[in-house]
Amino acid sequence: MRLFDTHTHLDAPQFDEDRAEVIARALEAGVSKMINIGFNRETIPTTMKLAETYDYIYAAVGWHPVDAIDMKEGDMDWIASLCSHKKVVAIGEIGLDYYWDTSPKEVQHEVFRKQIGLARELKMPICIHNRDAHEDVVRILREEKANEIGGVMHSFSGSWETAKMCLDLGFHLSFGGPVTFKNARVPKEVLAQTPMDRLLIETDSPYLTPHPFRGKRNESAYVKLVAEAAAEIKGIDLQELAEITYANALERFGIV
């Protein structure tokens, strides 16, 4: 069985004491490939180092909306230059975050739009962070013609109505730990209706830890728990769910 964790943060300080062991546990659990996310000035270099160190770890680079206020002149050129690296497979995570009050909305919108434009120019898929900003995220994706490149709605948390709009724009929906929670009715309902060819799985480790480890540090090995929950929701066996989502990820990110 092959699993693909399409969104992880293995360079996070939570893994400083045992990073190699965490990666080894992921491989033992059947996780054949992982995409690590570099989302600001600190994490982009550490993400690139991971991708260059491990054959099976790929990179996405972009500027997170929480850090939008810190983006300086030249950072967009830096991201663009890294996109020519053979291990960089997406621009992200980018988007909007209305939960954390760190960057003004207008600044978030500007940084988001610029990165969609860069992705269109470079013909790269984008990885979307969306927290409490469903309407504006979809509107900006439409206005900036993100359908021309598509991408992934990371850790999708919206309604089925929002999901349909994202699917219509050519995006995949990625699900993580919340679909294992007993009280997570909406994510489970949305996953159940998501077409199999647009379904991806992730951990977002060290965050959003799945049941039964909720409240503890997440790690990429736990994407198997997400896969098990997704297979049950879809009414198929784990092997089939794993193979389909693995193939979907290869195609979405252009990995051969």
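**Close-up 1. Histidine 7 and its contacts.** Leaving aside residues up to four places away in sequence, histidine 7 touches Ile35, Ile37, Glu93, Cys127, His154, Glu202, Thr203, Asp204 and Ser205; contact means heavy atoms within 4.5 Å. The model is predicted, so local features need pLDDT of at least 70 and side-chain atom pairs count only at pLDDT 80 or more, while totals for chains, interfaces and linings use all residues. Residues are numbered from 1 along each chain as its sequence is written, and side-chain values use heavy atoms, with hydrogens and water left out. Histidine 7 sits in strand S1 (residues 3-8); strands (E, at least two residues) and helices (H or I, at least four) are DSSP runs numbered from the N terminus. Its relative accessibility is 1%, so histidine 7 counts as buried (under 20% relative accessible area, with a 1.4 Å probe and protein chains only).

Close-up 2. Histidine 9 lies in the loop between S1 and helix H1 (19-28). With a relative accessible area of 4%, histidine 9 is buried. Among the residues histidine 9 touches are Phe15, Asn36, Glu93 and Tyr207.

**Close-up 3. The annotated binding site.** An unreviewed UniProt entry places the feature "binding site" at His7, His9, Glu93 and Asp204; the positions follow the numbering used here, feature names are shortened, and annotations may be inferred rather than shown by experiment. These residues are spread over 198 residues of sequence, yet they cluster in space, with a largest C-alpha distance of 11.1 Å. From this set, His9, Glu93 and Asp204 belong to the lining of the largest pocket. On a 1 Å grid over the protein atoms alone, a pocket is an open set of points with protein on both sides within 12 Å along at least five of seven lines, and lining residues have an atom within 4 Å of a point.

**Close-up 4. Inside the largest pocket.** The largest pocket has a volume of about 690 Å³, the space filled by probe spheres (1.4 Å) set on grid points joined across faces, edges and corners. It is lined by 25 residues, of which His129, Arg131, Ser155, Asp204 and Leu208 are the closest to its centre. Strand S5 gives the most to this lining, with 3 residues.

Terms used. Buried < 20%, exposed > 50% of the residue type's maximum accessible area, 1.4 Å probe, protein only.
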